[in-house]
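Dear colleague,

Please find below the structure that I am handing over to you.

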Amino acid sequence: MASESSHETYYVPEQSKFPFFASIGLFLTVFGLGGVLNDISAGASVTGSTWTALIGFTILSFILFQWFATTIRENHAGLNSAQLKRSYVWGMGWFIFSEVMFFAAFFGALFYVRQLSVPWLGGEGDKGSAGEFLWPQFQAAWPLLVNPDPSAYPNPHEGLNVTSWSPAFFAGYLPFWNTVILITSSVTLHFAHVALKAENRKRLIQWMSVTVGLGVIFLGLQALEYVEAYGHYGITLDSGIYGSTFFLLTGFHGFHVTLGTFMLTVMLIRCIKGHFKPNDHFGFEAAAWYWHFVDVVWVGLFIFVYCL
Amino acid sequence: MSAAHDHHHGPAKGISRWLFTTNHKDIGSMYLWFSFAMFLLGGTFALVIRAELFQPGLQFVDPLFFNQMTTMHGLIMVFGAVMPAFVGMANWMIPLMIGAPDMALPRMNNWSFWILPFAFAMMVSTLFMEGGGPNFGWTFYAPLSTTYGPPSTTFFIFAVHILGASSIMGAINVIATILNMRAPGMTLMKMPLFVWTWLITAYLLIAVMPVLAGVVTMMLFDIHFGTAFFDAAGGGDPVLFQHLFWFFGHPEVYIMILPAFGIVSAIIPTFARKRLFGYDSMVYATASIAFLSFIVWAHHMFTVGMPLAGQLFFMYATMLIAVPTGVKVFNWVATMFRGSMTFETPMLFAIAFVVLFTIGGFTGVMLAITPVDFQYHDTYFVVAHFHYVLVPGAVFSLMAATYYWLPKWTGYMYDENLGKLHFWLSFVGVNLLFFPQHFLGLAGMPRRIPDYALQFADFNWISSVGGFLFGFSQLILLFVVIKCIRGGKKATAQVWEGAQGLEWTVASPAPYHTFETPPDPALIKAQ
């Protein structure tokens, strides 16, 4: 097979130890985690399972670090044809789509309980008879501050702000500032990208640092928000469906922001090391896409969880 | 990992070839062997069920263990046998069919595979845990799986999580391969239908596996952190579980059948020695089925109570699926019409697929009729319906594919007589096994119950006999495959007289690396 001048070789690594050992790491992580959760729920000691999970997670992290490092080295060594680079682009794009669908499940649950099941339990709508038979005194409301059966799911405290939409209200409203912060961070990230394409490394590092900083501030404010929810409002994971949807939606978003901040930090380090070229910086773009994606999810959260 | 110089050497020696491979053929073979092992394990669980149901009364197992068997049988067959088998076929055949050197992301490809043995080790190990394994059916409805589930449910949840990760990575790989790796001249509408059906299947996977991850995550939080997603006492709803599950679950059943359509669309033209009738309409029908699969999920839930408008919508949308499916069946029959047919084992399985899958499709239309479903729901009629589409449907297509491509994989012809024996025993066995279950269901026998009323006895023993016949016949397949790997009549590159497509232009067995430079565009013909 003589190589044709028009054909670039698609680089297929001969062998790799990463996938197999990453599988072991992943398995130990979830197996240990399952043990931890079961032990806690059964009131037993969790030591062994904790170690299993930690060892697994260490292996997984180490392998993924090496894996990404190898991929970067291959690119720097010029092994990646234009076609191979397109594979990474497709891969990241559809990975983000799968994340969209993950959030869709939680948004779907939110819409379902707000539009259907809570009203039904309150005696309204097509299946309103459910309310009559189960908890006749229950009144549908959102945010749900009085649960159908408060002995099973303790009610949040009274006095959760009802949104009043005045400028003064927004000034003291954490989610509003978090929205501002995340949207700003998307813009600063875009400036960093522009600087990267213009080969202005100093500007690039400045804007990347600002973006990472904004991500960290967002996470800090979100932690504050949780303290407020738990301490002040009594909205907890086990305080009924309002807390359930609130914490899983914002919690998974926060987890994704954490991951995104981590990715951007890695990109910042790579910017400092000078890894990127104006025409070859897909690692940066992938992280940026991911960041814009968590930003968009937040806008959805702000509208449907906080405002409406 | 020096790249440029050692391109043409063969596989590594020893176990490291399999543990560390990046080769799509190795990974495809591992997927196929793994899925066959799971097929036998899940089949063994099914035989436990059929042994218990051989006669009325409780014979062999206690009801709790029976529940674990129905659950694990379903989970293993869906996630361990059928899905990985199709992924194995995709790994082996897609690069060969589109003239690509390998899958687009070869290392991630191996990760997708190696997650599976660990995930299933964890899932099967639940059977030995305190309180037993999952016992709530493969659909794991809340609150059976949350409030009332055994402690091992946690491990089941995490197994589903990592299986989902494996599927999503596999699907991303398929999409990147098909969209990015086609040889010059291989335009979308020249792709073999197997490639088309897998492309669409991969989109279904990416769209619904994350929803499954979401729903098991909600279960995990309901169980361990006191959330109220599926508990009305806290404002949630157990029916919410069913909506989320079936939003995943209905596309899931198409994930298990669309690649089968692709396989049958490859085999029937070969042995009818005619081009596939209506290629374009096949592509559009596949896409239509995939689209419809997202808007029919609640037909699994007619009896939980749903607003009338919902019942009507889901009934009509479901019936609509019969239209593109009918297009496909018509096209397969029209392909055979006045063809020069021969009946080698792959063709026998493919024709049986068309006939028996269509029966499963018809009972599907019956179940789609809401008022009628009120009677059929949760009876053996449903069991008969989905086993007809999955066993003589999906599984038969996998057997057809195995016989069809085995000479290309091994370089030898398989034993045709044994293949035919395997087919006829499977064909008789599967119909004995599942056809009487229609009558049992119509007469009111509920599914997932270890005992039954006396009037169901006759059909149940017939079904059990069929089950054992079908189950043990599969050992013939194992024997044929091993025999074929070890030797036999040399296969030509073309293998089958009427076969079309790039996979038949490479030698048999297919060299370890193929299409490192793209094939001659003149070899790429319209289907």
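The lining of the largest cavity comprises 12 nonpolar, 3 polar and no charged residues (Ala, Val, Leu, Ile, Met, Phe, Trp, Tyr, Cys and Pro count as nonpolar, Asp, Glu, Lys and Arg as charged, and the others, Gly among them, as polar). A cavity here is a set of points on a 1 Å grid over the protein atoms alone where a 1.4 Å probe fits but cannot get out, and lining residues have an atom within 4 Å of a point.

This is a predicted model, in which local features need pLDDT of at least 70, side-chain atom pairs count only at pLDDT 80 or more, and totals for chains, interfaces and linings use all residues. Residues are numbered from 1 along each chain as written, chains are lettered from A and ligands numbered from 1 in the order written, and side-chain values use heavy atoms, without hydrogens and water.

The largest cavity has a volume of about 160 Å³, taken as the space filled by probe spheres set on the points, which are joined across faces, edges and corners. Of its 15 lining residues, Met83(B), Pro84(B), Val87(B), Ser166(B) and Ser167(B) lie nearest its centre.

The second largest cavity holds about 40 Å³, and its lining divides into 5 nonpolar, 5 polar and no charged residues. Val87(B) belongs to this lining too, as do Tyr31(B) and Asn173(B), among others.

As for confidence, the mean pLDDT of chain B is 96 (pLDDT is the predictor's confidence in each residue, from 0 to 100). The model scores ipTM 0.95 and pTM 0.95.

Kind regards

How values were computed: 1 Å grid on protein atoms, 1.4 Å probe; cavity = no way out; pocket = protein on both sides within 12 Å on 5 of 7 lines; lining within 4 Å.
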